[in-house]
Amino acid sequence: MLEANLLRTLPHSVGSLTDMRELSIFGNQLQSLPDELGNCRSLTVLDAHHNELTSLPSSMASLGKLKSLYVQSNQLVGLSLLKQRVLDHLPLTNAALGANSFDLREAFEQPSARLGLAWNRGEPPAGPLCGVFTDNFATVDHLYDPASPGSRGAVLMVAFAAEGAGMRQWASPCAAVRGAGLALDTLYLADPSNSYYMQSPCGQWQGRSYYAELIERHSKHYDAVFIIGSSMGATGALLHATLGQRVLAFGPRVNLELTHGSFLPAAVRRACTDAVLGALSQTDARGAKVSVHVGKSSLDETLQARLVDHLPGVAVPAPANICV
Amino acid sequence: MYKPKDLNLDWSPRFSTLWDKIGWIRANNGRKFEPWRVSKPFLRFLAYTDSRNFSRFLHQHWPEQVEYHDTFHHNLPMNLERSGALSVLVKRELLSLLLAVAGTAQTTGGGTTGRK
């Protein structure tokens, strides 16, 4: 765990850590990774987002157990070459490549992996890869999915995804609701930079206004807006709680000091907490309702929930209290 | 105790490595602290520093502070979905929302559909 330091290089001796399973070096100033990283044959997770990487070493093709690669918010280029020399040789289930400098004309799908490519440069070639946001592949950060194309439903559900590549995480409950007869339109959102919805596509910490504008653009035609999210997505849901009448948040990260938000500048972390508390403090006056659900066996979740459970209009029910 | 089979990979890519991650932490800290040599059993939680076990430790000593419940951060909606509660919960919230909107519309003389 070397995240959120000022590391400019990683020592070559990292290659001697052949039993290392997970390497977290996000939030540093790394411009490259050593070739010796390829010797870490036990590595299953490489978390190197928010650095200054311009390329990944070809030796990474030797990482025969690497399942998750998080390299968002770097300066990576050469997507085709990266695919050919590295990605094609790895058993990846998740490859988060968003917010880099890849040319999306080189975009591709990786059938066995979730692949996030949003917030890169240019557009994919016209066709099946352009503007896609599915559970396995994304070149955009949002998808508006009306219940009946061409007509407006009764409710807009704004669904924030948790970390990683673009995922239609809430498609299952959405389908259940539609099956019950409610015309539920959905706006799926993801954060390709993995920054608790605090970063904008231009790389600045203006994510709040960016996503607010995105939501308002879609929600302005609706009287009923329902916002939902879990984990990082729950943070996004609470950040924008003023844009809906009902908010459902599972395990939100309110204080980013208590979670993996160390790579965000201190001012941004404070701004996130302040924005959440500010949005929730208006809940009661607006006649809205926010429900926060947490796993009670998780200490950090409980601590996060306690930051908001005193606010009027915010309920933190125990999971056991939910009746089927 | 949750098991890898309980992890729904559809919910978060992080889950694909969660089990490995916790196993790694336990093994690493176990080596570091050698808990089997710790004479005081209540200190053994030091060997398992992930929050679940620390929570369990807290629960054992201050049960009113943290109640043990076998859910972990990301898999809460997954657990609810598996027990059939997630859709019920979402429907309940939506019903509440629609009733509130309808009530507002009635008091202002508007319609009841929620559409503008």
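**Entry 1**

Five of the five residues of S11(A) are buried, so the strand is largely enclosed by the rest of the structure. A note for my reader: this is a predicted model, in which local features need pLDDT of at least 70 and side-chain atom pairs count only at pLDDT 80 or more, while totals for chains, interfaces and linings use all residues. Residues are numbered from 1 along each chain as its sequence is written, and chains are lettered from A and ligands numbered from 1 in the order in which they are written. My helices (H or I, at least four residues) and strands (E, at least two) are DSSP runs, numbered from the N terminus.

Next I looked up the partner of S11(A). Five bridges join S10(A) to S11(A), and the two run parallel; I count two strands as paired if DSSP finds at least two bridges between them. Ile227(A) stands opposite Val247(A) of S11(A).

**Entry 1: helix H4**

How many of the eight residues of H4(A) are buried? I found eight of the eight, so H4(A) is largely enclosed by the rest of the structure. Those residues, among them Met232(A), Gly236(A) and Leu239(A), pack against S8, S9, H3, S10, S11 and H5 of chain A.

I then took the pair H4(A) and H5(A). Their axes come within 8 Å and cross at roughly 55 degrees. The axes are lines fitted to C-alpha atoms, for helices over the stretch in contact, and angles run from 0 to 180 degrees between N-to-C directions. H4(A) and H5(A) are therefore oblique to each other: angles under 35 degrees count as roughly parallel, over 145 as roughly antiparallel, 65 to 115 as roughly perpendicular and the rest as oblique. Thr235(A), Leu238(A) and Leu239(A) of H4(A) meet residues of H5(A) that include Cys272(A), Val276(A) and Leu280(A). Contact requires C-beta atoms, placed from the backbone, within 7 Å.

**Entry 2: the six-stranded sheet**

I traced an open sheet with the order S1-S2-S3-S4-S5-S6 (chain A) and parallel pairing. S1 and S6 stand at the edges with a single partner strand each, so one side of each is left without a neighbour in the sheet. S3(A) and S4(A) pair over three bridges, and Leu69(A) has Ala95(A) as its bridge partner in S4(A).

**Entry 3: two domains**

Chain A divides into domain 1 (12-138) and domain 2 (142-321), with bounds from an automatic or database domain assignment. I noted 20 residues of domain 1 in contact with 15 of domain 2. On the domain 1 side, S5(A) gives the largest share, three residues.

**Entry 4: positive phi**

Which residues other than glycine did I find with positive phi? Trp119(A) has phi near 60 degrees, and Tyr197(A) about 60 degrees. Trp119(A) lies in the loop between S5 and S6, and Tyr197(A) in the loop between S9 and H3. Trp119(A) is buried, with 26 other C-beta atoms within 10 Å, and Tyr197(A) is buried with 28.

Terms used: Contact = placed C-beta atoms within 7 Å. Buried ≥ 20, exposed ≤ 12 C-beta atoms within 10 Å, placed from the backbone.
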